[in-house]
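Please look through the sequence and the three-dimensional structure below before reading on.

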Amino acid sequence: MNSNVTGATAKSAAETVADLCDDRELVVVSNRQPYSHAFEDGDEGTSDEDEIAVDRPAGGLTAALDPVMQSAEGTWVAWGDGEADREVVDAADTVAVPPEDPAYDLRRVWLTDEQVEGYYRGYANQVLWPLCHLDTAKMTPDDDFWRAYRETNDDFADAILDATDCSGTDPVVWFQDYHLALAPREVREERPEAFLTHFWHIPWPSWDVFRACPQYEALLDGLLANDLVGFHTDEYCRNFLDCVDAVTDARVDRSSRSVSYRGNRTFVRSFPLGIDAARQADLAESGVARRTGDGTAESSDWWTEFRETHGIGPRDTVAVGVERLDYTKGIEQRLAALERFWVENPEWRGRLTYVQKGTESRSGIDEYDALQSRVAAEVERINDRLGTDDWTPIVYVTDYVPEEGLAALYREADLGIVTPIRDGMNLVAKEFVSAQTRNPGVLVLSELAGANEQLGDEAVLVHPYDTAGFADAIGEALSLSRAERRKRIADLQREVHAQDVFAWLESTFQTATAIERGRDSLRRKRPQPNDD
């Protein structure tokens, strides 16, 4: 089922980055770091670097950006949260990575326990996260959270300025996500000629929702210090411009999707984030049981062991959901729809098994702890109500699953159920599609996911709050013919492979390059002090 259509590559993305940077340093700024260090034996008192292990990026955005950064030889600024991170940095809090062949600098920012509580667990995840996911009732706009967020953004900005102080040229700085909305303004004030770009990885809400945040003016002021702000979808771009128009005295040009504010022009563009689709397909194939020379099947396939452990028969139909245990992912609504489906379609009891892989997230925050308890209780209730001695309706897994195992789970699933109640993009949908390298499955997708804009035509769409319609959609997906499933997944794979993470990188930096060249052209046309 592999698609022959591929997107850009890490090499071509790196070339596009180099075209923008030229002799300027590239600085990537994110809350999460690409490499972390830990003591191998768990002894925090040791200082012997031979006993320190490196945790490398296995997937996701950090894994995609890592080879680009190795090519660009720039600096990555991030929170140093590894237990041995301080042991390996130099006097400037920097360590060269990757360790076996250093290519770029990782500049670590140290956060106090109070900052972690206020900036990360507090403002980022109890104010901005629910706000942007349209759940203002879950917001906790505590003054201490805001104070910690401002202080931590100050620390990130200082680290950026320190890391580029001796470069001799103005850097290209790429901020990642909602943790760092204020830092661009501080960098702009100290480096007015730097090129600043920011990608917002979660939804941007409409003005009537965004105004629920007490600090909306400061957040917009920070983001408008960038030359380019990127979102996943056109809808989020429009929402952002609406907010700017409502709050500031900026000149908003909707035809060019740009904002003129405080002497700077900010362009707003959509760049749908993708995955490393080719790598995901390779992972899916890596665990396939193959025939040995004497005709027997190898037993090394992760799926075989998983299926036997959880009592899933070789002919059973399998649906899968994979996500963090977050209230935005629609897990409770999905369980309600599955229960209704089994009740209304008893012929599928004993035949359809749903595997829910959940990863605990932000434990210690009341909303998340409560959700984890509710999901576990609901799974137990449904299994007690509908299960039999020979069949467990819902296999609930919270333990670690290696990425090869996740790819195998996607590969073997007949249905991939991705139904968030709100999501910026949702890369699980794309992972499922890319891993469908064998018998074609069906993507069941929420119309409220950002991925709907790219994948909705060939998925079976549902509204997660419409329990009856959701249950009917599960039946529809199960009834599709093999030919129809094959056609749909092939079309989806063409889209996912063509618009992969490297195409996202390339598109972002091609746009940035065009903006920067436009800025240079304007500078050359401006009258100079000595001009007659």
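Which residues line the largest cavity? The lining of the largest cavity is made of V320, G321, V322, Y410, G416, I417, V418, V428 and F432. What is shown here is a predicted model, in which local features need pLDDT of at least 70 and side-chain atom pairs count only at pLDDT 80 or more, while totals for chains, interfaces and linings use all residues. Residues are numbered from 1 along each chain as its sequence is written, and side-chain values use heavy atoms, with hydrogens and water left out.

The structure holds one cavity of 30 Å³ or more, and the space in the largest cavity is about 30 Å³. On a 1 Å grid over the protein atoms alone, a cavity is a set of points where a 1.4 Å probe fits but cannot get out, whereas a pocket is an open set with protein on both sides within 12 Å along at least five of seven lines; lining residues have an atom within 4 Å of a point. Grid points are joined across faces, edges and corners, and a volume is the space filled by probe spheres set on the points. Strand 13 (317–324), strand 16 (415–418) and helix 15 (427–434) each give at least two residues to the lining of this cavity, where helices (H or I, at least four residues) and strands (E, at least two) are DSSP runs numbered from the N terminus. By class, that lining has seven nonpolar, two polar and no charged residues; Ala, Val, Leu, Ile, Met, Phe, Trp, Tyr, Cys and Pro count as nonpolar, Asp, Glu, Lys and Arg as charged, and the others, Gly among them, as polar.

Strand 13 also takes part in the second largest pocket, to whose lining helix 11 (302–309), strand 13, helix 14 (403–412) and helix 17 (467–479) each supply at least two residues. The volume of this pocket is about 600 Å³, and of its 23 lining residues P314, D316, E412, D414 and N439 lie nearest its centre. Its lining has 11 nonpolar, three polar and nine charged residues.

Contact here means heavy atoms within 4.5 Å, and axes are lines fitted to C-alpha atoms, for helices over the stretch in contact, with angles running from 0 to 180 degrees between N-to-C directions. Strand 14 (residues 352–359) and strand 15 pair in the parallel sense over four bridges, and K357 has V397 in strand 15 as its bridge partner.

A further open sheet has 10 strands in the order 5-6-4-1-7-8-9-12-11-10, and its pairing is mixed. Strand 5 (94–97) and strand 10 (251–253) stand at the edges with a single partner strand each, so one side of each is left without a neighbour in the sheet. Within this sheet, strand 1 (residues 26–30) and strand 4 (residues 75–79) pair in the parallel sense over four bridges, with V27 opposite T75 in strand 4. Helix 2 (residues 60–72) packs on the sheet, touching strand 1, strand 4, strand 6 (104–109) and strand 7 (172–176).

Strand 12 (residues 264–270) pairs with strand 9 (residues 228–231) in the parallel sense over four bridges, whereas strand 11 (residues 258–261) and strand 12 pair in the antiparallel sense, also over four bridges. In the hairpin of strand 11 and strand 12, which has two residues between the strands, R262 takes a positive phi near 50°. D22, in the loop between helix 1 (10–21) and strand 1, likewise has a positive phi, near 55°. A cis peptide bond, with omega about -10°, joins V97 and P98, and P98 lies in the loop between strand 5 and strand 6.

Key
Two strands pair if DSSP finds at least two bridges between them.
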